[in-house]
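Hello,

Here is the structure I promised to hand over. Please have a look at it first, then read my notes below.

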Amino acid sequence: MTGTRQARAEASARATLDKAADENFPVAPFFLPRAWRDDLMAVYGYARLVDDIGDGDLAPGGADARHLGVDPAKADDRLVMLDAFETDLRRVFAGADADPHHPLLSALRPVVRRRSLTPEPFLGLIEANRQDQLVGRYNTYDELVAYCELSANPVGRLVLQITGTASPERLRLSDSICTGLQIVEHLQDVGEDLGRDRIYLPAEDMQRFHVTENDLAAPNAGVPVRALIAYEADRARRLLDEGTPLVGSVHGRLRLLLAGFVAGGRAALTAIAGAGHDVLAGPPKATKANLLREVGAVLRRARREG
C-alpha cells in the first residue's frame, strides 16, 4: 500500500472511530485498562462501519468500497457492500494466508485471536443491516426484539467476551440491557429513521394508540404520538432494569463501564420524558449532569444487590 493510500485508509478508519463521541455513553472510556480500550475500540470500529454501510453514511470518495474490492460506482448498493464486507470479515477468521483488506478489519484480527472471539456476533450485525435494507416496518414487539437480537445484543456479548466475564446468566442480562438501549435509540431517532423509510415502532402499538405514519412525519408530536413514545419508553426502562443486576455481578472498572451503559440509556429516557415525549422536534439528548446522577444510582443499586 502506498503512503497516500495508507494515509487515506487511516483517515477513513479514524472518521469511523470518531463517531464514538456521539454515543449515549463512551464506548471505551479512559478509566479502562489500555488493553481493553484498544480491543473495545476495534470492535466498535467494526460495528460502526457495518452500520454506516447499512445506513449509506460512508465517507465520500469510495475508499471503503475500494478496500472491499467493490467498484466505487457501486458503493451506494448497500447489499453489495454488505456482502463484500462479510467476505472480508471471514478473512479475519480464516488462516494466516487470508488477510482482510479493510483497515478496520485488519485491526480487528488480532483482537479476535487474542480474545478467542467467534464469528457469530459479527455476522449478526451484518445480518441486522441486511434486514434494514429489506424490512422497514415491524408488526409486533416480538419482531422488533428479534431484530435487536441481531443489531444490539452482539455488542454486549462481545464486551463480556473481551473482558473475560461471559457466562450464560451474564449474557442473558446483557441481552436485556442491549435490547433496551436499542429501543431507546430508536425512540430518539424516530424522525431520522422515518427519513430512511424505517419505522421501529411496532405497527400493533401504533394502531393501539391511533398513530399513523403521517403523524410521525409532523414537526412536533401530537398527544397520540407522545402516548405511544411514553409506552415504548416504559418498555425500554423495564428492560434496562431487568438487566441491571449484570452490573453488580462484576467488579472494578468493568462495573463502572457497565453502569455507564445502563445509565446512558436511563439518562436518555429521562431526556425523552423531559421533552414531553416529543421526539419529532429533534432527538432528546441527556445532559452530562443527569448521566452522572444515573451512573451513581446504578452503582448504588449494584452495591445493594452485589
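A contact here means heavy atoms within 4.5 Å. Leaving aside residues up to four places away in sequence, Gln133 touches Gly54, Arg78, Leu79, Leu82 and Arg198. Please remember that this is a predicted model.

Some more on Gln133. The residue sits in helix α6, which covers residues 120-134. Is Gln133 buried or partly exposed? Its relative accessible area is 24%. Buried means under 20% and exposed over 50%, so Gln133 counts as partly exposed. Its side chain also has a polar atom 2.9 Å from the backbone oxygen of Asn129. In general, residues three or four places apart in an α-helix point the same way, because there are 3.6 residues a turn.

Now the whole protein. There are 16 helices and 0 strands. The C-alpha trace spans about 55 × 45 × 30 Å along the principal axes. Of the 306 residues, 50% are buried.

Contacts reach along the chain. Take those between residues at least 6 apart in sequence: 67% of them join residues at least 24 apart.

Next, surface and charge. The accessible surface is about 14000 Å². Carbon and sulfur atoms account for 53% of it. There are 38 positive side chains and 43 negative ones. The centres of the two sets lie 8 Å apart.

Helix α8 is worth a look. It runs over residues 153-162 and is mostly covered, with 7 of its 10 residues buried. Which ones are buried in α8? They are Asn153, Pro154, Gly156, Leu158, Val159, Leu160 and Ile162. After α8 comes Gly164, with a positive phi near 70°.

Finally, go to helix α16, residues 288-305, where you will find Asn290. The relative accessible area of Asn290 is 11%. That is under the 20% cut-off, so Asn290 is buried. Setting aside residues up to four places away in sequence, Asn290 touches Ala267 and Thr270.

One distance to finish. Gln133 and Arg293 are 160 residues apart along the chain, and their C-alpha atoms are separated by 38 Å.

Over to you.

Best wishes

Conventions:
Residues are numbered from 1 along each chain as its sequence is written. This is a predicted model: local features need pLDDT of at least 70, side-chain atom pairs count only at pLDDT 80 or more; totals for chains, interfaces and linings use all residues. Side-chain values use heavy atoms; hydrogens and water are left out. Helices (H or I, at least four residues) and strands (E, at least two) are DSSP runs, numbered from the N terminus. Buried means under 20% relative accessible area, exposed over 50%, partly exposed in between (1.4 Å probe, protein chains only). Accessible areas come from the Shrake-Rupley method with a 1.4 Å probe; for residues, only the protein chains shown count as cover. Lys and Arg count as positive and Asp and Glu as negative; His and the chain ends are not counted. The place of a charge is taken as NZ of Lys, CZ of Arg, CG of Asp or CD of Glu. A polar contact is a pair of N or O atoms within 3.5 Å; within protein, one must be able to donate a hydrogen and the other to accept it, and residues adjacent in sequence count only if both atoms are side-chain atoms.
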